[in-house]
Amino acid sequence: MFSFLFILLFVLISIAFFTLFEVKGLGSFHLRVGPDKVFFVGVFQPFADFLKLFFKSSYVLSFYYFFFFFFSPCFGVFLSFFIWLNYFSLFSFFSFSFGVLFFFFLSSLSIFFLLFSGLFSGSVYSKLGSFRASSQAVSYEVGMIFIFLGFLFFFPSFSLFVLFFEGWGVYFFLLSFPLFFCWFFSCIAETGRSPFDFVEGESELVSGFNTEYFSEYFVFIFLGEYSFIIFLCFLTSFFFGMGFYFLSVFLFGMIFVWVRASFPRFRFDMLMMFCWKNMLLFVMCLVYFCFFFSLF
């Protein structure tokens, strides 16, 4: 139990400094300074933002459902932290035999977090944002499941612990470059990052499903989103090969920032068409290829 709490502590610290890395990285890409006033080169900026949000004044909405409105952010951050039970370690609190299914179960439940947050805010903008975000998450969740199954054909187990310890040094991305890139595109879309950031389409939806959230409730949404991003970077680094594990986790975190700084947002119809008419068919063909390749 203490090992899991220890992991959560470092996840929270990682979230804080990942946000700092992101804003400094975006500043470098866009030729601007970024935060540099709070302590040395803005190191304490994440903690200042955290305290500012928690001590902001709250207000009472007119048309919202009290229980579900406050329950949804807590539910989202609970799912994003609970998913770290799959983190491989010799001192892990749990050792799931079906860790892969547990991961997809929790990531699927996050769709209800998006729906509840928008539907029960009592705002038309939030409702539209939740419909858009949930449809995007469901679509790319299907592709992620099939891609992961394509790699699972090489190991007779659904346990992430078995995959991590027996797959040490196996470079899965060498088996299929296209399948690996489809996985990474799905990770970007699943987390709602640019250029697939329709979860928070500010120009169309006034911040999307979280329009009515403020102060500490926005912190919970923020923690849930970035915790899931870091876990997907950790999972993607496993596909990239465990020989340079920590470096690859940092590399994929940097790619998330680089993609956000470089590409404009897609249209929503292009996003859904890319998933259902292009990527999913391509992924299915590659999964069948991995299946027949694993037989030999």
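Colleague: Which residues does UniProt list for "transmembrane region"?

Modeller: This is a predicted model, and the unreviewed UniProt entry lists residues 62-85, 91-116, 137-164, 170-189, 217-238, 244-263 and 275-295 under that name. A listed span can then be set against the coordinates: residues 217-238 are 100% helix and 0% strand, with end C-alpha atoms 32 Å apart, whereas residues 137-164 are 75% helix and 0% strand, with end C-alpha atoms 26 Å apart.

Colleague: At what angle do helix α3 and helix α4 pack, and how far apart are their axes?

Modeller: Angles over 145 degrees count as roughly antiparallel. Helix α3 (residues 66-82) and helix α4 (residues 99-119) pack at about 165 degrees with their axes 9 Å apart, and α3 and α4 are therefore roughly antiparallel to each other. Their crossing is left-handed. On the α3 side the contact is made by Ser72, Pro73, Phe75, Gly76, Leu79 and Phe82, while the α4 residues include Phe102, Leu106, Phe113 and Ser117. By class, this contact has ten nonpolar, four polar and no charged residues.

Colleague: How are α7 and α11 oriented to each other?

Modeller: Helix α7 (residues 177-190) and helix α11 (residues 268-295) pack at an angle of about 140 degrees, with their axes 10 Å apart, and α7 and α11 are therefore oblique to each other. The crossing of α7 and α11 is left-handed. Pro178, Leu179, Cys182, Phe185 and Ser186 of α7 make the contact with Phe274, Met279, Phe282, Val283, Leu286 and Cys290 of α11, and by class this contact has ten nonpolar, one polar and no charged residues.

Key. Residues numbered from 1 in each chain as written. Predicted model: local features only at pLDDT ≥ 70, side-chain atom pairs only at ≥ 80, totals over all residues. Heavy atoms only, no water. Axes fitted to C-alpha atoms, helices over the stretch in contact; angles between N-to-C directions. Helix = DSSP H or I, 4+ residues; strand = E, 2+ residues; numbered from the N terminus. Parallel < 35°, antiparallel > 145°, perpendicular 65-115°, else oblique. Left-handed = near helix turned anticlockwise from the far one by under 90°. Contact = heavy atoms within 4.5 Å. Nonpolar A, V, L, I, M, F, W, Y, C, P; charged D, E, K, R; others polar. UniProt positions renumbered as here; feature names shortened; annotations may be inferred.
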